[in-house]
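Please view the sequence and the model together, and then consult the points below by topic.

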Amino acid sequence: MNIIRSFLAIALSLFLGFTNSLPALAFCGFYVAKADTKLYNQASQVAIARANDRTILTMANDYQGEAKDFALVVPVPTVLKKEQVKVVNAAIMERLDAFSAPRLVEYFDENPCEPIRRLESFDLDRPSAAAAPIASNRARDKAQGVTVEEQFNVGEYDIVILSAKESGGLESWLQDNGYQIPKGAKDLLNPYIRQKLKFFVAKVNLEKFETSGFTKLRPIQIAYESPRFMLPIRLGMVNAQQAQDLIVYILSPKGRAEVTNYRTVRIPSDVNIPEFVKGEFSGFYKSMFNTSYDRENRNVAFLEYAWNMGNCDPCSADPLNPDELKQAGVFWLEQPIGNNQPQSFWRGRRPQMSSNVFITRLHVRYTRDKFPEDLMFQDTNNQENFQGRYVMQHPYLNETNCDAGKQYRAGLPKRFDQEAQTLSKLTGWKIEDIRKKLPTVNLADVSWYDRFRAYVR
Amino acid sequence: MRTPIDARLYQIGFLASFLLLGFITRDWQLHPEVVLTAIVAALTTQYLCLKISKCIKISKPLLVPVTKGDLGGSTRDLTELTKSDFYSPMITALGLSVLLRVDHSWAMAFAATIAILSKFLLQFNQKHIFNPANFGIICAILFTHEAWVSPGQWGESMWYVVMFLICGGLVLRKVGRWDTTIAFLSFYFAMEAVRNVYLGWTWDVWSHRMMSGSLIMFSFFMITDPRTIPNAKPARIIWTFTIALITFILRNYFFMTTAVFFALFLAAPLTILLDWIFKDDRFDWFNLSSATTPEIKSV
């Protein structure tokens, strides 16, 4: 049995080799900046908290126009009663956004001649959610084939739950009642009607809105139980001339969630980029996302963050506390495991807490031609962490006269160039333009041989 | 006389290249240690089961490879294990690695072990009932709460479909079971097309639904396992229709992402009934009937 024995021996040693070569946990850098949803024009944000078939879905609402013109039509799997609909604070979407946004981190090289205490830099941008396009409305009426299953008022919204027999009747009803649905929407309503979905229709109750004291429309949160785990994006594509951005935060007790009918791809992450990007991080991320989007043929969903919500490393925002998690829709919350003392997350140290809430941040840029189907999701037990993390390594450019200092400086041009190449590859920016912005290194006192050695190493 | 190549080696080659390709290009997040676990577990279980069945000395050994070398066909007992005894478990292990995702390696070990065990323990009339990889996937999903299938991992790149077609076709022509693939895809595509028309979607929705890599992978590599599908041709047609129907129902009315695997699992016992109704010769890897197939000698 020599074949078998030798095979098993090789397999075992390979196996052990792989497991032993897992990287040790490393400090993930000081947080600098984040790329949140305000980068994108008209990015919709949706939070889905789901455990088994129970779902709480929160739709952020940053409608910029007149409140009287606002209307929302969403296919939902079941009839919703008043108790199942809530209005929540807009801040909660900002918190989810800030917590999960791709982040820029920095490290500082020590003086190669003598160790110096690390400088710390904390630079935060407070995000705000971006606008989403909404249709307009007028007065109400009645239409045929349409049943008003429920009708109630929640916060500043008047809500109707409809079921329809056919799309023509539904379209008439909506138009008669002042919901201006775009041309072509009628054809899109039919598949949802045939799948026995109901329609959640909301508009603003102006009196309540004026007395509410809020200036912006708040997110709507709905709770239902259904085996369907999907987002009906097709309905939103009717009149879209350009690509629309959608950020979905999926909160689950099990682990990572993914899209099942389109490929889910991780955005490029854990790359070293030049120092000057610090001032241009938003532009960098937008370009990088556009490049990845085109490279993947514009038909994938991008994973930007997947992490246990009890901790972060580095943190772009404080982890959400239990109260905030409940606001976001988490209904299965237990006591967090481990150390309950709040720690100073800004120091970038790994906190002790872990909870049974896992967040997945998916960024989908969709167009009609590449996304014919509504998004379908599944939750998995995948507990692997992932984050969009871009690393700046600040070189030590002060005087270094020792040998180690000379060698260090000799190695810098090559390192800068590599970072520049990475940047160019990720964003599509011209390498010549990038090179102009790189710092210059004084190599006058470094011997030609040291320079050569550093280059070929 | 030239030694002909066992058709299963082609399948191993293709599965291994899909795995490698997926690993490199498609962002599947495959882990080498999980793949190795599958291979080691499958091969070890096969080895142990073969040894045990030899020790028990059953008059007709559980897995009977038939030789057709220059000495003519004859059943051989398992006094010696050879390389070819490990081709099928290798296919199972690679199939599991491609299709099943786990959070920890032990779940993959469980899937691979139970897949191979099912071949030896769950038999009827000396034919194992369940496709081993399929059984492993179902058990891992049901019993470990650690395993899942990612239907979206492949994307809809036409190139992959073509690749599958070529590779699958090559293997299938070698084993003469093209009919199950064509039958399954035809039935299933037709059902989905009818549903598409009923719902009122445009045709690109239908074609997008059909471009599921898992579906194609399943129809070329899993539903064609000649050792677990009905022996007779009319039986296979009925059987594939049943699987297509169950898949359609599970996917569209129960919203299961693993519909196609559960469909095969549920339809497997039907094989017994169909084999009893439509009698035909059982398939063996060493006795391929296609004229274009090279003769195979036990290695």
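Two strands are said to pair if DSSP finds at least two bridges between them. In this predicted model, strand 11 and strand 18 (residues 375-379) of chain A run antiparallel and are joined by 2 bridges.

**Chain A overall**

- Chain A contains 10 helices and 20 strands.
- Of its 457 residues, 41% count as buried.
- Among the contacts in chain A between residues at least 6 apart in sequence, 85% join residues at least 24 apart.

**Confidence in chain A**

- The average pLDDT of chain A is 81, and 82% of the residues score at least 70.
- Over residues 118-143 of chain A, pLDDT stays under 50; the model has 74 contacts beyond four places in sequence for this stretch.
- Residues 336-352 of chain A likewise stay under 50 in pLDDT, with 23 contacts beyond four places in sequence.

**A sheet in chain A**

- Strands of a sheet pair through backbone hydrogen bonds, either parallel or antiparallel.
- In chain A, 3 strands form an open sheet in the order 11-18-13, with antiparallel pairing.
- Strand 11 (230-231) and strand 13 of chain A are the edge strands, each pairing on one side only.
- Leu231(A) has Leu375(A), in strand 18 of chain A, as its bridge partner.

- Ile220(A) lies in strand 10 of chain A, which covers residues 220-225.
- Ile220(A) is buried because 23 other C-beta atoms lie within 10 Å, and the cut-off for a buried residue is 20 or more.
- Leaving aside residues up to four places away in sequence, Ile220(A) touches Met59(A), Asn61(A), Val85(A), Val87(A), Tyr157(A) and Ala202(A).
- Ala90(A) is 130 residues from Ile220(A) along the chain, yet their C-alpha atoms are separated by 9.4 Å.

**Contact between chains A and B**

- The contact between the two chains involves 32 residues of chain A and 30 residues of chain B.
- On the side of chain A that touches chain B, helix 1 (2-20), helix 4 (185-194), strand 13 (257-259) and strand 14 (263-266) of chain A each supply at least two residues.
- Helix 1 of chain A gives the largest share of that side, 7 residues.
- By class, the side of chain A that touches chain B has 13 nonpolar, 12 polar and 7 charged residues.

**Domains of chain B**

- Chain B is divided into domain 1 (7-149) and domain 2 (163-284).
- Their contact takes 21 residues from domain 1 of chain B and 24 residues from domain 2 of chain B.
- Helix 5 of chain B provides the largest share of the domain 1 side of this contact, 6 residues.
- That side of domain 1 of chain B has 15 nonpolar, 5 polar and 1 charged residues.

**Helix 10 of chain B**

- Helix 10 (residues 233-253) of chain B has 21 residues and reaches 30 Å from its first C-alpha to its last, close to the 30 Å expected at 1.5 Å a residue.
- Its buried residues include Trp239(B), Ile243(B) and Phe248(B).
- The buried residues of helix 10 of chain B pack against helix 7 (178-199) and helix 11 (259-277) of chain B.
- Just after helix 10 of chain B, Phe255(B) adopts a positive phi of about 55 degrees.

Terms used
Residues are numbered from 1 along each chain as its sequence is written. Chains are lettered from A and ligands numbered from 1 in the order in which they are written. This is a predicted model: local features need pLDDT of at least 70, side-chain atom pairs count only at pLDDT 80 or more; totals for chains, interfaces and linings use all residues. Helices (H or I, at least four residues) and strands (E, at least two) are DSSP runs, numbered from the N terminus. A residue is buried if 20 or more other C-beta atoms lie within 10 Å of its own, exposed if 12 or fewer, and partly exposed in between; C-beta atoms are placed from the backbone. Two residues are in contact if their C-beta atoms, placed from the backbone, lie within 7 Å. The expected span of a helix is 1.5 Å times one less than its number of residues. Domain bounds come from an automatic or database domain assignment. Ala, Val, Leu, Ile, Met, Phe, Trp, Tyr, Cys and Pro count as nonpolar, Asp, Glu, Lys and Arg as charged, and the others, Gly among them, as polar. pLDDT is the predictor's confidence in each residue, from 0 to 100.
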